[in-house]
Each structure stands twice: as C-alpha cells, then as structure tokens.
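Visitor: I am new to this structure. Please show me how to read its features.

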Amino acid sequence: MASYFCPCPRGMEAALAEELGEIALLSTTLKVHNQVPGGVHCSGDLLDSYRINLHSRIASRVLMRMAVTGYQNENDIYDLVLAQQWEDWFTYDHTIRVDVTAVKSPLKSLEFTTLKIKDAICDRFRDQFDKRPSVNTKEPDMRIVGFLDARQFIIYLDTSGEALFKRGWREETGDAPLRENLAAGLLRVSGWKPGMPLFDPMCGSGTILCEAAQMVQGIPPGACRRFAFEAFNDFDPAPWNEMKNSIKANPLPESPTIFGSDISGDMVEMTRHNLKCAGIMFDVPLKQIEAQEVKAPTEQPGILLTNPPYGERIGVRGDSTLPEDELASSFYSALSTTLKQRFAGWTVFLFTADLGLPKLLRLKESRKTPFFNGALECRLFRFDMVAGFNRREAAKPKEV
C-alpha cells in the first residue's frame, strides 16, 4: 500500500475528505486519514491514485509518498532522495521538475534545497546508467515534490502531472477565472446537489456552471485529460481503461435546473463555449443581463452561488467617472434589493475577497466560511432569503 497526500485550496480540507470518502466507496483498499492545513492524507494501492485523479473535483494533485526522514541539513535530504529507486518509476529519457514547500523549516534557502533534490535524482541515474534526466520546468514528464516542516522532510512523486483543476475542457477564460476545483468545492460546501435549482447571475466564463453541469451529467473531472501516472514505467493501461469504461453517464435532465447570466455578452458566449467543451449535452439557459435586474429562474427555490465581480467588471456598463467604491456601493445596494424582492426562499452564497460585502448589501450573513483563492483570503458568505423578507423591508419607516 502507498501513502498519498492530496493538496487542495486552503479551507477545502473537510470538503475534500468527504469527497475522498465517497471515492473510497468504489475501492476496497482506499482509506482516508487525517486532514492538515492545505490537504488530506490517504492510503491505498496504485489503482487508488488513478481513481482519485479521475474522480476528485476538489484535490489539486495526488502525491505519492516515496520516503520520509528527520533532517539537520540539506545533505540529509540529498541522501534520502539519492536512496530512492526512481528508476522503478521513470527513465532518464523523462524530463523532471522539482518543487519544494516548507512550513517553519530552519533551512535558509528553498532554492538550494530544490537543487539538492534535483542533483540527487540525476546522480542516481548517472550512477546506474551514465545518463541523467533533463529538467523541464514548463511541461515535465515527472514532478517531484518535497515538503519540509520544522523536523521532517517528505519526498513525493506526483501522479497527476498538470494540476487537477486543469480539467482539459477550458479553452476560454475571463480576466480572473475561478479555478475549477475551488468552484467544485464551493458547490459542495453550499450543499447543492444535482437536481436542485442552481443560478449564477455573474457567471463570467462559467466555471461554476460547468462543474455543476458535469456533476448532473455524471462526467468525472478527469475524463478528458492525461495524467503523469500514464508515463510510469510499469503503467498497465488495461485497469485504467476499465476504470474509465465503467463510468455510467446519468440520464439527461428533462427540464433545466442550472441557469446563468452575466452583464457581458462576451462572457455569456464564453460560458456557452466552455459548456460545450465540457461535454454538456443538455440545456443550460444563459442570459445577458445585469445582476441587479435578474429574476429567480424557477418557481422552486434553490441555490444562488456566484463569485461577484469587482473593480472594472462592476463598471462594465456603469459611469466610469465614478470612483470604484461608489460603483460598488450602488451595485450592491441594487443587488440587495433584487435578492430581497425576487429570491424569497433561496439560499444565496457569495464568494469574495471583499470581507465587507455584507455591509455593502445591508444583509446579515447566516454563515461565513474562510477560504483561500491562491494566496488571496476570501469568504463564502451565506444569506438565507426567507419568505416575507421584502414585506418586512417595505414596512420599515422611511428615512426623512
């Protein structure tokens, strides 16, 4: 059995552990272990790494642990890496890339540590074959990942290759696209499930809608891409193909449950294109309309989940002479009125780096969950738009 570490966006650890638990139901060997900041530990056989790569929407990668040791200096790290049987996994004809992350490590230079790991791998091959793998930092065949804390060093071989949020379908993006695995995590945290109405009124390039639509259709996130493990020396395509061929698509919905809109016609077209590239074969109604003007797309209340724009995108059709904070204030004031008047019974989730957003909306959140979008600290704010909200607002005495 191998030990694996699945990194994920910070804040998504519990959601990833839950998802891995569901994937483990497909296996007799996959076991989910502890959550740590930035990921989840698990264990299983090699096929379990295939399984996680294919099915996980939230993990960023699937890293297979090669070895772990205590260390005093870079030479201890070099010795451990040199002792690993890298030739069992790949050859000197493969290109490599080494990445190192650290938390409270006493070592002064991560760059020097990275160089020592690379040297150890290359020296291992040179000693045995008189040849060494080349480094390719852009599109390597194999990625090796080192992790240091105050006392321990762990060396991993990446089974994924490109980060898992790169699903293989996205051809067009907006200025600041939400990563696919973060969008999938937000859907899970919101409680949305296929069949429930979902609306993104500021859909941008459609990441949230594409992730949700693939879930409805039963398309695994890794169905359209290749993985590093396919280049391992002893890779057997038979069980991998069997795993992919065993996937059963869900029946297509008879009526729409996923809806989107955006102020920008270009974004609406981009979303439509991305849905097509993601293999979506059912209707996802899209409209070009300002978020302040939208109406609930179904009589049945559902979940509104969106990553609101900021800065220039708020002012796409606004008065560009207004200061940005005035634009934001008027935009969110109008949006708040729309939510109160037209979305009674809906649960609204807004994912944003603007921690003062509830104040701009003049709404009290029922929950706020911290997440990181890369290095950017964000919140997922939940607002419960209870029925009768607007009648209470209308009954309030007007300010004179």
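Visitor: Which residues does Ile155 touch, not counting residues up to four places away in sequence?

Guide: Contact means heavy atoms within 4.5 Å. By that rule, Ile155 touches Met64, Arg65, Met66, Ala67, Leu80, Val81, Trp86, Ile117, Ile144, Val145 and Gly146, leaving out residues up to four places away in sequence. Keep in mind that this is a predicted model: local features need pLDDT of at least 70, side-chain atom pairs count only at pLDDT 80 or more, and totals for chains, interfaces and linings use all residues. Residues are numbered from 1 along each chain as its sequence is written, and side-chain values use heavy atoms, without hydrogens or water.

Visitor: Which residues have the most contacts inside the largest nonpolar core?

Guide: In soluble globular proteins, nonpolar side chains tend to be buried together. A nonpolar core is a set of buried Ala, Val, Leu, Ile, Met, Phe, Trp, Tyr and Cys residues joined through side-chain atoms within 4.5 Å. Buried means under 20% relative accessible area, exposed over 50%, partly exposed in between (1.4 Å probe, protein chains only). The largest core here has 83 residues, and Trp86, Ile117, Ile121, Ile144, Ile155 and Ile258 have the most contacts inside it. Another core, of 21 residues, lies apart from it; Leu335, Phe343, Val348 and Met385 are among its members.

Visitor: In what order do the seven strands of the open sheet run?

Guide: Strands of a sheet pair through backbone hydrogen bonds, either parallel or antiparallel. Strands (E, at least two residues) and helices (H or I, at least four) are DSSP runs, numbered from the N terminus. Two strands pair if DSSP finds at least two bridges between them. Here the order is β2-β3-β1-β4-β7-β6-β5, with mixed pairing. β2 (31–36) and β5 (96–102) each have a single partner strand, so one side of each lacks a neighbour in the sheet.

Visitor: How many bridges join β4 and β7?

Guide: Seven bridges join β4 (residues 63–70) and β7 (residues 152–158), in the antiparallel sense. Thr69 stands opposite Phe153 in β7.

Visitor: Is Leu26 buried or exposed?

Guide: Leu26 is exposed, with a relative accessible area of 52%. Leu26 sits in the loop between α1 and β2. Leu26 touches Arg51 and His55, again not counting residues up to four places away in sequence.

Visitor: And Arg379, buried or exposed?

Guide: Arg379 is buried, at 17% relative accessible area. Arg379 belongs to strand β14 (residues 376–384). A polar contact is a pair of N or O atoms within 3.5 Å; within protein, one must be able to donate a hydrogen and the other to accept it, and residues adjacent in sequence count only if both atoms are side-chain atoms. The side chain of Arg379 makes one with the side chain of Glu377 (2.9 Å).
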